[in-house]
Amino acid sequence: MKKAQFIPLADYQEYSTEEMKERSAAFYQEIKRRRTVRDYSAQPVDRKVIENCLLAAGTAPNGANRQPWHFVVISDPEIKREIRIAAEKEEQEFYNGRAPQEWLDALAHLGTDEFKPFLETAPYLIAIFAQSYEPMENEKRAKNYYVQESVGIATGFLINALHHSGLATLTHTPSPMAFLNNILKRPKNERPYLLLVVGHPAEDASVPDISKKPLDDIATFF
Ligand code: IYR
């Protein structure tokens, strides 16, 4: 067991109320421009941008600081193709039988279907894995905590960082996603969490005409 060791909170930045109002409003304006994009251009993206965004994701709060995530960044066209073929196979079944009608009805306004060309067009796919435990010597396992929450928060940080850098993303969840372990050679303790598509939008990209709920609907103040 490791003993707690503390250091001063040196990096905390304090702002006046006025500055806080401005900063929070500016952040909202910035983040509300984010849209889930399904049409990508092949325009390349410097790997350093992706690296910075992954470092940002890795700062996320998480259970017992176990950082139970692994990010696999794919730019290799052959691997992207393999992923597209495997994902479209699952999606084909999803859209043509596996998904209950109620689910298909809920998706109808997004115009999604089983064809996933963006898995090949976009310059990067980031496969996010959740580590349910850490393997140790003699087949022992060190348990991780709040894995889904931790990886969800890190993924949120990542999407935010990519958006802030000027990139579009798509959170893609082909189901089931076990094929990602095989293609990307990830170990048994890792479960695919989601597949993030990253790049510049195509010039003629369009997005569904949808809106977000107003504050009164999403929050209650006592
Ligand atoms: N995974 C499928 C279906 C899908 C499900 C939800 I919930 C969405 O918000 C969007 C799509 C697909 O990617 O098409």
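What you have is a predicted model, where local features need pLDDT of at least 70, side-chain atom pairs count only at pLDDT 80 or more, and totals for chains, interfaces and linings use all residues. Residues are numbered from 1 along each chain as its sequence is written, and side-chain values use heavy atoms, with hydrogens and water left out.

Let's start at Thr 169, which sits in strand S5 (residues 168–172); helices (H or I, at least four residues) and strands (E, at least two) are DSSP runs, numbered from the N terminus. With a relative accessible area of 4%, Thr 169 is buried. Here buried means under 20% relative accessible area, exposed over 50%, and partly exposed in between (1.4 Å probe, protein chains only). Leaving aside residues up to four places away in sequence, Thr 169 touches a set of residues that includes Arg 35, Tyr 40, Ile 159 and Val 197, where a contact means heavy atoms within 4.5 Å.

Now for the charges. Side chains of opposite charge can pair when their charged atoms come close. The structure has 12 salt bridges, each defined as a side-chain nitrogen of Lys or Arg within 4 Å of a carboxyl oxygen of Asp or Glu. One of them links Lys 21 to Glu 18 at 3.8 Å, N to O. Both partners belong to helix H1 (residues 17–31), 3 residues apart, or about one turn of the helix. Glu 18 is partly exposed at 48%.

Another salt bridge pairs Arg 98 with Glu 90, their closest N and O atoms 3.0 Å apart. Arg 98 is partly exposed at 37%, whereas Glu 90 is buried at 16%.

Then there is Lys 116 with Glu 91, at 3.6 Å between the closest N and O atoms. Lys 116 is in the loop between helix H4 (101–107) and helix H5 (118–121), while Glu 91 is in helix H3 (residues 77–98), so this pair ties together parts 25 residues apart in sequence. Both residues are buried. Elsewhere, salt bridges with shared partners join Arg 81, Arg 84, Glu 88 and Glu 120 into one network.

Glu 91 and Lys 116 turn up again around the ligand, along with others including Phe 94, Trp 103 and His 172; a residue counts as near if one of its heavy atoms lies within 4 Å. A polar side-chain atom of Glu 91 is 2.8 Å from a ligand oxygen atom, and one of His 172 is 3.1 Å from a ligand oxygen atom. A polar backbone atom of Thr 173 lies 3.1 Å from a ligand nitrogen atom.

Note on methods
A polar contact is a pair of N or O atoms within 3.5 Å; within protein, one must be able to donate a hydrogen and the other to accept it, and residues adjacent in sequence count only if both atoms are side-chain atoms.
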